[in-house]
Amino acid sequence: MGGVPTQQLYVDEHGEGETLLLIEGLGQSMWAWREQIPVFARRFRTIAYDTRGTGRSPVPDESYGIDELAQDAADILHGRTASVVGLSMGGYVALTLALARPELVRSLVLLGTGAGGPDRVPRPQDVRDAFAAAIGLPFDEYGRRTMPLTFSPGWTERNPERFEEILAARLAHPTPDVTLDAHLQACYAFYARGCEIERIDAPALVLHGDADVIVPVENGRALASRLPNPRYVELPGRGHNIQLEDPATINRLVLEVLAG
């Protein structure tokens with residue numbers, strides 16, 4: 001089944017079986033799951049979508065935060081119970097969905113994410129400075145400058161063809177600056193508020209690369225320590241976009257847990 005508009009968001013569904021929902025990170029659209037969708041769709045009814053303001057989904061006029069993005073996910077599920085995979089900001093959305101609509105969440109897979117709050121460990125200052133310096137650049141140049149930081153050091157140099165493929169996929173439907181800012185503000189509000197993850201009963205697989213400089217690994221460790229029913233896997237030498245950097249490992253771990 002191809003892409004269909006659901007609540008104005010662009011949604012793709014593939015495969016048959018139990019429902020699996022993929023929620024990507026800040027400024028990303030479903031290209032972030034390009035290595036996962038074909039694999040997961042062999043076993044699950046795999047749903048991916050372009051988050052508000054990204055990809056083929058419209059840029060909304062109204063302001064929104066993580067709560068509204070979680071409502072989008074609930075609307076897409078339309079009563080179906082799912083295993084929910086969230087990357088980075090998508091993890092904040094997945095956690096918020098699990099709290100607000102626990103009947104929709106069978107299990108969680110949380111990649112490179114955290115629960116916010118006062119103990120959150122922010123990205124290093126030099127990384128923040130690099131992103132700030134790229135603001136206002138054309139989308140392709142912004143990606144070429146900042147995307148290497150979302151992988152482990154040296155990965156893009158060692159994998160130039162893969163990196164170019166990812167940049168090309170990202171460029172197919174560029175994310176406007178207004179969306180990047182809206183997502184950033186949503187994340188800041190989530191960080192400030194935090195998330196009562198101790199109330200989440202669903203089993204959760206927490207995956208984090210120890211070379212992640214976007215959401216430092218301390219956040220993943222803290223997330224796993226606070227969740228009632230976690231399994232934590234730390235991947236040495238892996239960066240933030242672990243689903244793109246090491247798809248074979250991520251796909252294997254996710255399928256092992258969801259099949260178990």
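Student: Let's start with strand β7 (residues 204-209): how many of its residues are buried?

Tutor: "Buried" means under 20% relative accessible area, "exposed" means over 50%, and "partly exposed" is what lies in between, with a 1.4 Å probe and protein chains only. Strands here are DSSP E runs of at least two residues, helices are H or I runs of at least four, and both are numbered from the N terminus. In β7, six of the six residues are buried, which makes the strand mostly covered. Before we go on: this is a predicted model, where local features need pLDDT of at least 70 and side-chain atom pairs count only at pLDDT 80 or more, while totals for chains, interfaces and linings use all residues. Residues are numbered from 1 along each chain as its sequence is written, and side-chain values use heavy atoms, leaving out hydrogens and water.

Student: Which way do the residues of β7 point?

Tutor: In a regular strand, side chains alternate between the two faces of the sheet. Here A204, V206 and H208 point one way, L205, L207 and G209 point the other way, and all are buried.

Student: Which way does strand β6 (residues 105-111) run relative to β7, parallel or antiparallel?

Tutor: Strands pair if DSSP finds at least two bridges between them. β6 and β7 run parallel and share four bridges, with L111 as the bridge partner of L207. β7 also pairs in the parallel sense with β8 (residues 230-235), over six bridges, and there A204 stands opposite P230. Between β7 and β8 the chain passes through helix α9 (residues 217-226) in a right-handed β-α-β crossover. To check the hand, point the strands away from you: right-handed means that the path from the first strand over the helix to the second runs clockwise.

Student: Now an antiparallel case: how many bridges join β2 to strand β4 (residues 45-49)?

Tutor: Four bridges join that antiparallel pair, and D12 stands opposite A48 in β4. Five of the six residues in β2 (residues 9-14) are buried.

Student: How many salt bridges does the structure hold?

Tutor: The criterion is a side-chain nitrogen of Lys or Arg within 4 Å of a carboxyl oxygen of Asp or Glu. The structure holds 16 of them. In one, the closest N and O atoms of R56 and D50 are 3.6 Å apart. R56 counts as partly exposed because its relative accessibility is 40%, whereas D50 is buried at 1%. Another joins R193 and D67, also at 3.6 Å from N to O. That pair links helix α8 (residues 177-193) with helix α2 across 126 residues. R193 is partly exposed at 49%, and D67 is partly exposed at 42%. Then there is a network: E13, E16, R45 and R80 are joined by salt bridges that share partners.

Student: Which non-neighbour residues is S152 in contact with?

Tutor: Contact means heavy atoms within 4.5 Å. Leaving aside neighbours within four places in sequence, S152 touches R158, A211, G237, R238, G239 and E245. S152 sits in the loop between α5 (139-146) and α6 (155-158), and counts as buried because its relative accessibility is 3%.

Student: Last one, on backbone angles: what is the phi of H78?

Tutor: The phi of H78 is positive, about 50°, although the residue is not a glycine. H78 lies in the loop between α2 (66-77) and β5 (82-87) and is exposed at 69%. S88, also not a glycine, has a positive phi near 55°. S88 lies in the loop between β5 and α3 (89-100), but is buried at 8%.
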